[in-house]
Each structure stands twice: as structure tokens, then as C-alpha cells.
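Me: I would like to go through some labels used for a protein model and ask what stands behind each.

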Amino acid sequence: MREKFKRFCDTANPDLLWLVIIFVLVGLLLAGFLLFGRSGNSGSVLPAWAQTEHVEPPDERLAVAQKENPDTVAWITIPGTNIDAPVQQYGDNDYYLRRDEKGNDDYHGCLYADYACRMDSSVKVSRNLIFYGHTFTDEDYVGGFEDLHKYRVFEFGQENPYIYVSLADEKLTYQIFSVWVCDANADTDCIQADPDDAAFQQILDKAIAGCAFDYGVDVTTDDHILTLSTCTADPNSRLLVVAKLIDGGGTDVKS
């Protein structure tokens, strides 16, 4: 075998031989990248075309809830609270005001998304995803969004900063950056699903200015946000918990 290889080297075209060697070396390097490449804080060492984006699968309970009620569009989970439920959506914001998650008459209502929000896929989710839920301050009822009031304590928000929203194709992760009480009449601009840049900047400014806490989360008009709205003891005000999308979804807010 050595003699055959020696005769090949002696008779082969030197340029062709070097070309073969270069191809072999490149192949070995590429194989090393594919076998041992890994991602870290400094970024992935894999070539861009070899990298695949991680997509967090949605909560399995969403599909079950959608079979029971086709109006179910999402599942929301907030660690540290009892908020772990399906979210409904209809052609107006009154339908689920006094209906449960299955569409039956219920004074306590359920969690529901603003009718204007786009939630058909995570890639085209609205710029400002808006969910509503009741708080009954004069009853023992513990459903709805009553537990959002826990965020009035800064330490609770620090310990439980994330909100998870499952859509049909992906689970989205939001990080809270504002908890504030708005005027139910004067601050209706804060519940626009797909505002233009100027209106969106105003929403962000109000959320930051109205919040007494500093969560250390930067937010700009390039971001997507989640707004959770619930009642307070004052019928003319609403508690808003506002969070920034930090994982999942896309940036298509104009289509």
C-alpha cells in the first residue's frame, strides 16, 4: 500500500495533489464544527446555515382547551400566582365579560384578549398583546386577574418577573417592566393592539412614568409588549402589568 501511495505521489500532478489535500483539510474542519460546535454567551461557533433557532413548544393544555372552545387563542401562565388558564377572543370585548372559558354565562367572566389583537401565529403577534381579567375585591372569588395585584409589591415582581403565553405554534416569554394604575377614561391609548411608532412610544412612556418601581428592563419601539389589565377598587382606574417580549415570536407588526 505504501509503495502504491509513493508511486501515486511521484507521478501525480503537484497542483492536483495540493488541491486534494486542501479539500481534505476543509472537510475535516467542517466536520469538527458540526460535531463539536456549541453555543455559549459569546455566540455559536457553528456556521450560520448550520444553526437552527430554538422554538419553545406551546403548553399542551392549549390544544385541549381549543377543542372544547374554538374561541381559545392562548394559554397564560404566571409563576407565583394562580394565573394559569386559557385566554379567549371574540369579535368584541363584551362577549366574554360575563362568560366563562367555555362560553357559558358566568358573572365572573374569564381571561380574554382584546378583539383587535392578532394571535394567529407567534410570528405575527400584535405589537401590544392585551389581555383582560376581572378582580372582585368584595368577594372570595380568587380567579381572573386578582393575583396581578401582588405585583404592587416590588419584591414580588423581582422574584416573579416572567409571564408565559402559549400560542398555537410557540410559547412566548415576557419580562415585566412596569406595574401601574391608569385612568380608565384618559389612558385608553394604552390598549391599542398595533399602534404606530409615535403612539407606541407614548404607551411606553406612560408605562414607565406611571410605574413607581425600576425593574431595570430597557424597552423601545422595536420591542413587542404584553399588557394585562384588571379592575381596582376604584371603578375609574385599571391596574396594568406590562411586560416586554424577550423570547419567541417575530417582528412583523405592519402586515
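Me: Which residue of β4 is the bridge partner of Thr72?
Reply: In β4, Thr72 has Gln88 as its bridge partner. Strands here are DSSP runs of E with at least two residues, numbered from the N terminus. This is a predicted model, where local features need pLDDT of at least 70, side-chain atom pairs count only at pLDDT 80 or more, and totals for chains, interfaces and linings use all residues. Residues are numbered from 1 along each chain as its sequence is written, and side-chain values use heavy atoms, with hydrogens and water left out.

Me: What makes β3 and β4 a pair?
Reply: Pairing needs at least two bridges found by DSSP between two strands. Five bridges join β3 (residues 72–77) to β4, and the two run antiparallel. They form a hairpin with six residues between them. Gly80, in the turn, has a positive phi of about 90 degrees.

Me: Why is β4 called largely enclosed?
Reply: Four of the five residues of β4 (residues 84–88) are buried, so the rest of the structure largely encloses this strand. Buried means under 20% relative accessible area, exposed over 50%, and partly exposed in between (1.4 Å probe, protein chains only).

Me: Why does Cys190 count as buried?
Reply: Its relative accessible area is 3%, and the limit is under 20%, so Cys190 is buried. Cys211 is also buried, because its relative accessibility is 10%.

Me: How do you know that Cys190 is in no disulfide?
Reply: A disulfide is a pair of cysteine sulfur atoms within 2.5 Å. For Cys190, the nearest cysteine sulfur belongs to Cys182 and is 6.0 Å away. The structure holds zero disulfides.
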